[in-house]
Amino acid sequence: MDPDRLELAYGRGVLPIHLPAGTVPTVIRKARLPTLPDALAAVRQAFDTPVASRSLSDLAKGRSSACILVCDITRPVPNGLFLRPMIETMLESGIPIDRIVVLVATGLHRPNLGEELAEVIGDPWVLQHVRVENHFARKTDAHIDLGRTRTRGTPVTINELFVKADLRVATGLVEPHFMAGWSGGRKVVAPGVAGHETIRTFHSARFMEDPLAVQCNLVGNPLHEEQLEIVRMIGEIYALNTVIDEHRDLVYVTFGEIIASHLAAVDFIRDATQIKVGRKFKTVVTSSAGYPLDKTYYQTVKGMVTPLDILSPGGTLIIASECSEGFGSEEFRRAQAKLVELGAARFLGTLTAKSLAEIDEWQTEMQLKPMRLGRVQLFTQGLDPEERRITGVEIVPSIDRAIAESVVRHDDMEVAVIPEGPYVVPIDASP
């Protein structure tokens, strides 16, 4: 690789970056994992040799209905690879096709419709033969009230299609998550198909400001612990978890009891994703992982938070995100405008007394973390002038120029480059 010319994941392609002469780059990538030679065979093997459960075919026997959760458009899950064989296995075991529903676990995101829904499902056969629905967190009459968690008193309401199904299966992608530790498994259930009060409670400042609510950490993480309690309140749930490489090829798949199968996938990917680095950097260049994660500025915040362990205090974090779909929800837009109006300290002060977070303001709260540590600069081609203003960060017209100015400003030619953004977690391993 030419050290003077690198590429960041950006939109559906890449963004070339050119480092100034004399720059010493440290490129931080996930460890290379071998692609599975036959991905479909690996999926079928996972069904037949599950983690802490019976095989999928045995589980489906005698069941009257099934609900399969899939992630929404923000996650590049290879649904087209496993949905049809999963459904066909259920059919062969006796579940009627008109009693199987695929439920898009949108959380509080917008629904996925039309061509976007087709992209999410990834298989025309599934769309043609099976009922597919979006979850609507604010549609309170479509949820079952399960009471409150014993540990922290979170109110728990879950989509009734999932709760009432005789066989419940969550599917997803296991990758670092900047609040819940790791995505996938229990997270597809809550917040995936939870009601808005459930989501807003464990996205409140009481959870978000907890020092253990960080990427790659499950021990003592309050979000993870609440998610575990919620899935146990629901009862019997199974999960299919996938791990993909930077080319979106399948490298690992596991099926089984939701908690055990998720932990197996976490154990597989942990060391390949958490990359030890020997120092902190005054200039860190990263991305929002490209499409679909960089469709909105809302999702871009994740890429700002993940590399903070290697950013020197007072350093510069430069992130590239296409933001092809714009800013995000209207609620997020209002939260960002409030941040810009009040400033970081006063904005945080409005959050800490709340037990119920306003929708999507938690992403603005997470943006405070990189802002507290250093200078944040954004290169994007997808936001209008007002949206750029309320990002609350510095917009740069050229990422190459931003890098050049940063190394001069900090008088340090060492630059960290993270092409895949939040899918990689760099760790400062310096003595």
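Me: Which residues does His196 touch, not counting residues up to four places away in sequence?
Reply: The model is predicted. His196 has its place in helix H8, residues 196-201. Leaving out residues up to four places away in sequence, its contacts are Leu108, Ala137, Arg138 and Thr140.

Me: Does His196 count as buried or exposed?
Reply: The cut-off for buried is under 20% relative accessible area. His196 has 15% relative accessibility, so it counts as buried.

Me: How do the directions of H12 and H15 relate: roughly parallel or roughly antiparallel?
Reply: H12 spans residues 297-305 and H15 spans residues 361-373. Their axes lie 9 Å apart, at an angle of about 30 degrees. Angles under 35 degrees count as roughly parallel. Therefore H12 is, relative to H15, roughly parallel.

Me: How many residues in the contact of H12 with H15 are nonpolar, polar and charged?
Reply: From H12 come Tyr297, Tyr298, Gln299, Val301, Lys302, Met304 and Val305. H15 brings Trp362, Gln363, Met366, Gln367 and Pro370. The division is 8 nonpolar, 3 polar and 1 charged.

Me: What is the hand of the crossing where H12 passes H15?
Reply: The two helices pack at an angle of about 30 degrees. The crossing of H12 past H15 is left-handed.

Me: Which residues of E14 form its covered face?
Reply: Strand E14 covers residues 274-277. Gln274 and Lys276 are on the uncovered face. The covered face holds Ile275 and Val277.

Me: Which residue in E20 is the bridge partner of Lys276?
Reply: E14 and strand E20, residues 425-428, run parallel. They are joined by 4 bridges. Lys276 has as its partner in E20 Ile427.

Note on methods. Residues numbered from 1 in each chain as written. Predicted model: local features only at pLDDT ≥ 70, side-chain atom pairs only at ≥ 80, totals over all residues. Heavy atoms only, no water. Axes fitted to C-alpha atoms, helices over the stretch in contact; angles between N-to-C directions. Parallel < 35°, antiparallel > 145°, perpendicular 65-115°, else oblique. Left-handed = near helix turned anticlockwise from the far one by under 90°. Contact = heavy atoms within 4.5 Å. Nonpolar A, V, L, I, M, F, W, Y, C, P; charged D, E, K, R; others polar. Buried < 20%, exposed > 50% of the residue type's maximum accessible area, 1.4 Å probe, protein only. Pairing = 2+ DSSP bridges.
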